[in-house]
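Welcome! Take a look at it, then follow the points below.

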Amino acid sequence: MKRNFQTAFLMLLMMTLLTGIIYPLAATGLAQLFFREKANGSIAYINKQPVGSYLIGQQYSDPKYFQGRPSSAGTGYDAAASSGSNLGSTNQKLISDITNRVSEIRSKNRIFDNALIPADLVTSSASGLDPHISPAGATLQIERVARERGVSVEVVSRVVLECTEEPQWGFMGQARVNVLKANMLLDQLH
């Protein structure tokens, strides 16, 4: 019995050392060595001051900025309360929210015909923190952003193209536009 206890205790110490100390230090060291920016949260800086993360969506209310996906995380883009709305497709609150968002987008962007609004501009992501919108969602906002900033549509279109990320490894996911990156580039231009 004593021998079994000693063996179990030594195994506990060895596994604690291996999985609780050695592995985390090795993983952290390798991440810092090969993926420093990502391992540190992909923080965006302006004048050496952090302004956000390229990995977490933010709320933009000023019409001169691209608007990201709606957020259901807490009171909106709350990383401590990351989650989707969990409302089903027949839920009246979800239908009402989407209807209101469509009307708001049409009004802000001066869309008076029956043009389709990209789904990512009216539905929240599963995490509620998605930092990207579709190229179609960005394109829909180009004229408004250009008008509000007093720059040409071509300038804003170039920013959208520059901030469009292709699917990972060329086949995983969809093309997407990082909203924070696009808004920061526009601020630098104007």
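Leaving out residues up to four places away in sequence, Ser 127 touches Ala 73, Ser 82, Ser 83 and Gly 84. Keep in mind as you explore that this is a predicted model.

**Ser 127 and its loop**

- You will find Ser 127 in the loop that runs between helix 3 (92–108) and strand 3 (132–133).
- Ser 127 counts as partly exposed, because its relative accessibility is 29%, which falls between the 20% limit for buried and the 50% limit for exposed.
- A polar atom in the side chain of Ser 127 lies 3.0 Å from the backbone nitrogen of Leu 129.
- For a sense of distance, take Ser 103: Ser 127 and Ser 103 are 24 residues apart in sequence, and their C-alpha atoms are 24 Å apart in space.

- An open sheet is built from three strands in the order 3-5-4, and the pairing is antiparallel.
- Strand 3 and strand 4 (164–165) are the edge strands, each of them pairing on one side only.
- Two bridges link strand 3 to strand 5 (residues 176–178), again in the antiparallel sense.

**His 132, a residue of strand 3**

- His 132 has its place in strand 3, where it stands opposite Asn 178 of strand 5.
- Is His 132 buried or exposed? His 132 is buried, since its relative accessible area is 15%, under the 20% limit.
- The side chains of His 132 and Glu 165 make a polar contact at 3.2 Å.
- Beyond residues up to four places away in sequence, His 132 touches Arg 69, Glu 165, Arg 176, Val 177, Asn 178 and Val 179.

- Strand 1 (residues 43–46) and strand 2 (residues 49–53) run antiparallel and are joined by four bridges.
- One of the residues to look for is Ile 46, whose bridge partner in strand 2 is Gln 49.
- Two residues sit between the strands of this hairpin, and Asn 47 takes a positive phi near 55°.

**Helix 6 and its surroundings**

- Helix 6 lies across strand 3 and strand 5, and runs at about 55° to strand 5.
- At the start of helix 6, the backbone nitrogen of Leu 180 has a side-chain oxygen of Asn 178 within 3.2 Å.
- Which residues of helix 6 are buried? They are Val 179, Leu 180, Ala 182, Asn 183, Met 184, Leu 185 and Leu 186.
- The cover over these buried residues includes strand 1, strand 2, strand 3, helix 4, helix 5 and strand 5.

**The largest nonpolar core**

- The largest nonpolar core holds 26 residues, and Phe 66, Ile 117, Val 156 and Val 177 have the most contacts inside it.
- Helix 4 (135–149), helix 5 (153–162) and helix 6 (179–189) are the elements that give two or more residues to this core.
- Helix 6 gives the most, with six residues.

**Aromatic pairs**

- How many aromatic pairs are there? The count comes to two.
- Phe 5 and Phe 9 form a stacked pair, because their ring centres are 6.3 Å apart and their planes are at 15°, under the 30 degrees limit for stacking.
- Phe 5 and Phe 9 are four residues apart in helix 1 (residues 2–34), so about one helical turn separates them.
- Phe 5 is exposed, with a relative accessible area of 59%, while Phe 9 counts as partly exposed at 41% relative accessibility.
- Tyr 60 and Tyr 65 make a tilted aromatic pair, with 5.3 Å from centre to centre and 40° between the planes.
- Tyr 60 is buried at 13% relative accessible area, and Tyr 65 is buried at 16%.

Note on methods: Residues are numbered from 1 along each chain as its sequence is written. This is a predicted model: local features need pLDDT of at least 70, side-chain atom pairs count only at pLDDT 80 or more; totals for chains, interfaces and linings use all residues. Side-chain values use heavy atoms; hydrogens and water are left out. A nonpolar core is a set of buried Ala, Val, Leu, Ile, Met, Phe, Trp, Tyr and Cys residues joined through side-chain atoms within 4.5 Å. Buried means under 20% relative accessible area, exposed over 50%, partly exposed in between (1.4 Å probe, protein chains only). Two strands pair if DSSP finds at least two bridges between them. Contact means heavy atoms within 4.5 Å. A polar contact is a pair of N or O atoms within 3.5 Å; within protein, one must be able to donate a hydrogen and the other to accept it, and residues adjacent in sequence count only if both atoms are side-chain atoms. Axes are lines fitted to C-alpha atoms, for helices over the stretch in contact, and angles run from 0 to 180 degrees between N-to-C directions. Rings of Phe, Tyr and Trp (its six-membered ring) pair if their centres lie within 6.5 Å; planes under 30 degrees apart count as stacked, over 60 as edge-to-face and the rest as tilted.
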